Amino acid sequence: MGTGSDDTALLTSCPSWARLDALARGFRARGARELFQSAPGRAAAMSCAPFEDLLIDFSKQPVSEEVLDALVALATERGVPAAIEQMFGGEAINVTEGRAALHVALRMPAHASIMLDGQDVIPEVHAVRERMGEFVTRVRSGEEVAADGGAFTDIVNIGIGGSDLGPRMVTEALAPYAEGGPTVHFVSNVDGWDLTSTLANLDPRRTLVVVVSKTFTTQETMTNARTARRWLVDGHAGSEEGLERHLVAVSSARDAAAAFGVSPERTFGIWEWVGGRYSLWSAVGISIALAVGMDHFESLLEGAHEMDSHFRDTPLARNVPALAAMIGIWNANFLGAPTLAILPYDERLRLLPAYLQQADMESNGKSSRLDGARVEGYGTGPVVWGAAGTNGQHAFYQLMHQGTQRVPADFLVAATAEHEHDEHHEILLANALAQSQALMMGRDREAARAVVEGEGGGASLVAHRTFDGNRPSTTMLYERLTPRMMGRILSVYEHKIFVQGRVWGINSFDQWGVELGKSLAKGLLPAVRGGDAPADADESTRHLLGHLRRMRSKG
Ligand code: F6P
């Protein structure tokens with residue numbers, strides 16, 4: 001299957017697995033807090049600075065040098081170095097779909113080369129980007145005009161999953177770089193409220209609709225796209241003349257885009273070797289470029305490429321995505337902490353948890369191994385969740401500090417903000433540092449007793465004021481959230497997910513798990529409209545359908 005290691009070998013039979021298992025026993029009662037006591041200089045030793053304006057501090061994770069050694073050995077035994085080369089070499093590592101996973105090609109410079117089926121993909125990548133760049137620049141300058149000859153003021157990006165989350169998140173994150181461009185809006189949910197509420201304040205004569213769908217068949221996207229198309233026509237007194245000036249498509253299904261009414265000049269291609277959740281670097285990111293301009297979009301790609309190079313060229317023991325991956329595996333598989341909280345202390349990354357949910361959970365939420373056997377004896381992808389700091393502190397941090405489960409967390413912190421309210425940013429920074437410190441150090445009974453006594457409280461409160469500590473976190477500290485930094489950060493997560501998938505022996509690049517619900521929804525649609533329930537509908541679903549119809553008939 002071209003996956004570079006013995007896929008049928010059990011992860012749990014690897015020599016390093018047993019070693020880690022033995023080491024884990026010592027970590028049930030202790031963690032990073034104790035490690036700091038026994039190893040001064042740990043903070044620097046356990047941090048990586050692949051670039052001078054980016055520091056990744058793993059020191060609050062419960063890993064000793066010995067654990068790190070074993071984790072790196074496990075990654076090696078599982079063929080991670082070879083798998084990295086296979087990915088960059090364009091091998092068909094997405095084995096269940098027989099495809100390469102070549103998102104790294106999307107951010108390679110023009111002089112690079114990656115051969116796929118005897119053809120270099122880089123010239124084509126750059127050709128599409130160049131065409132996209134010309135179009136973006138014309139829209140932003142007002143040269144590319146609407147049907148009535150006026151400039152576009154608003155863009156509506158219609159897509160879902162990878163055709164929405166990445167572009168939406170990055171567009172919001174890079175808002176300070178949007179000098180004078182059109183306003184970009186995103187519609188994803190088939191819930192009509194999403195489209196209705198977005199279009200309510202827009203003028204169809206000034207709006208460019210960008211339909212982003214790799215397949216151009218996704219039910220939600222096509223439903224929204226058809227309704228938006230009607231809105232455009234209605235807004236032009238029912239005339240379709242000039243309609244194509246208002247439509248852009250990003251898709252690998254060019255014919256379907258043409259049938260929808262998008263002109264070939266306004267259709268930008270993507271390739272089957274780009275997975276939806278890895279696609280924002282392609283023309284799928286056109287809305288990012290429309291919002292912030294092509295130069296900033298290029299910087300985003302360059303940043304991702306810089307981290308790609310770090311990932312490809314750095315030994316595993318200093319390799320940021322690989323270390324993040326292996327520490328995640330340590331927490332999930334050995335220390336019983338199978339979730340991951342994404343905590344950006346950076347409001348501009350508010351949507352990062354949602355983006356990473358798809359990136360990680362759609363990639364590694366698998367229970368079949370590459371060889372088709374069931375994953376046994378270990379868990380795979382974590383449940384990913386989170387929210388921007390400090391909002392999370394006033395919502396779910398209680399559980400993180402004192403709940404019965406350990407929740408590993410990633411803190412993302414910008415040293416400098418892109419606004420003028422220094423006081424706000426200083427408070428934000430202090431909170432970020434305080435939370436990761438509190439999670440690790442906790443507060444022992446003696447300290448809790450002192451607090452309680454100081455407040456004149458009863459001894460029964462001591463237990464409630466105690467914090468176990470040793471709750472793992474990583475802090476990613478960066479100077480500024482520039483487009484380049486954004487690219488680097490996202491590349492870390494993409495490669496982390498890839499390494500974890502490789503170690504778990506699963507295919508991170510397919511998503512068969514989304515299929516069943518999609519096909520059942522198609523079968524249930526006629527029943528929702530009043531027809532018979534499909535033969536495969538279970539008793540509960542039939543029961544719900546009955547009540548649904550009764551309620552809808554009243555409305
Ligand atoms: O949710 C499944 C999925 O296939 C995602 O992987 C993808 O990002 C999304 O649907 C949208 O697909 P498309 O771009 O083909 O509309």
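These questions and answers walk through a predicted model, from its domains to single residues.

Residues are numbered from 1 along each chain as its sequence is written, and side-chain values use heavy atoms, with hydrogens and water left out. In this predicted model local features need pLDDT of at least 70 and side-chain atom pairs count only at pLDDT 80 or more, while totals for chains, interfaces and linings use all residues.

Visitor: How far apart are the C-alpha centres of domain 1 and domain 3?
Guide: The protein chain is divided into domain 1 (16–77 + 314–441 + 472–504), domain 2 (115–297) and domain 3 (519–553). These bounds come from an automatic or database domain assignment. Between the C-alpha centres of domain 1 and domain 3 the distance is 43 Å.

Visitor: What is the order of the strands in the open sheet of six?
Guide: Strands (E, at least two residues) and helices (H or I, at least four) are DSSP runs, numbered from the N terminus. Two strands pair if DSSP finds at least two bridges between them. β1 (47–51) and β11 (383–386) are the edge strands, each pairing on one side only. The pairing is mixed, and the order is β1-β2-β13-β12-β10-β11.

Visitor: Which residue of β11 is the bridge partner of T339?
Guide: Strand β10 (residues 339–345) and β11 run parallel. Four bridges join them. In β11, T339 has as its bridge partner V383.

Visitor: How many bridges pair β12 with β13?
Guide: β12 also runs parallel to β10, joined by five bridges. There Y345 has V413 as its partner in β12. Towards β13, D410 is partnered by T474. β12 and β13 pair in the parallel sense, and the number of bridges is six.

Visitor: How many residues of β12 are buried?
Guide: A409, F411 and V413 point one way, and D410, L412 and A414 the other. In a regular strand the side chains alternate between the two faces of the sheet. β12 is largely enclosed by the rest of the structure, because the buried count is six of the six residues.

Visitor: What angle does the direction of α18 make with that of β13?
Guide: Contact means heavy atoms within 4.5 Å. Axes are lines fitted to C-alpha atoms, for helices over the stretch in contact, and angles run from 0 to 180 degrees between N-to-C directions. Helix α16 (residues 422–441) packs on the sheet, touching β10, β12 (409–414) and β13 (473–478), at about 155° to β12. α18 also packs on the sheet, touching β1, β2 (54–57), β10, β12 and β13, and its angle with β13 is about 155°.

Visitor: Is V63 buried or exposed?
Guide: V63 lies in the loop between β2 and α4 (65–77). Beyond its neighbours within four places in sequence, V63 is in contact with F27, L35, R42, M46, L68, L71, I327 and W330. At 0% relative accessibility, V63 counts as buried.

Visitor: Which backbone oxygen does the side chain of T267 reach?
Guide: T267 lies in strand β9 (residues 267–269). Its relative accessible area is 2%, so T267 is buried. Not counting residues up to four places away in sequence, T267 touches R131, A249, R254, A257 and V262. At 2.9 Å, its side chain reaches the backbone oxygen of S263.

Visitor: What is the phi of F216?
Guide: F216 is found in the loop between β7 (207–212) and α9 (219–234). It is buried, with a relative accessible area of 5%. F216 is not a glycine, yet its phi is positive, at about 60°.

Visitor: Which peptide bond is cis?
Guide: T390 lies in the loop between β11 and α15 (397–402). Omega is near 5° for the cis bond, which runs from G389 to T390.

Terms used: Buried < 20%, exposed > 50% of the residue type's maximum accessible area, 1.4 Å probe, protein only. Polar contact = N/O pair within 3.5 Å; in protein donor to acceptor, adjacent residues only side chain to side chain.
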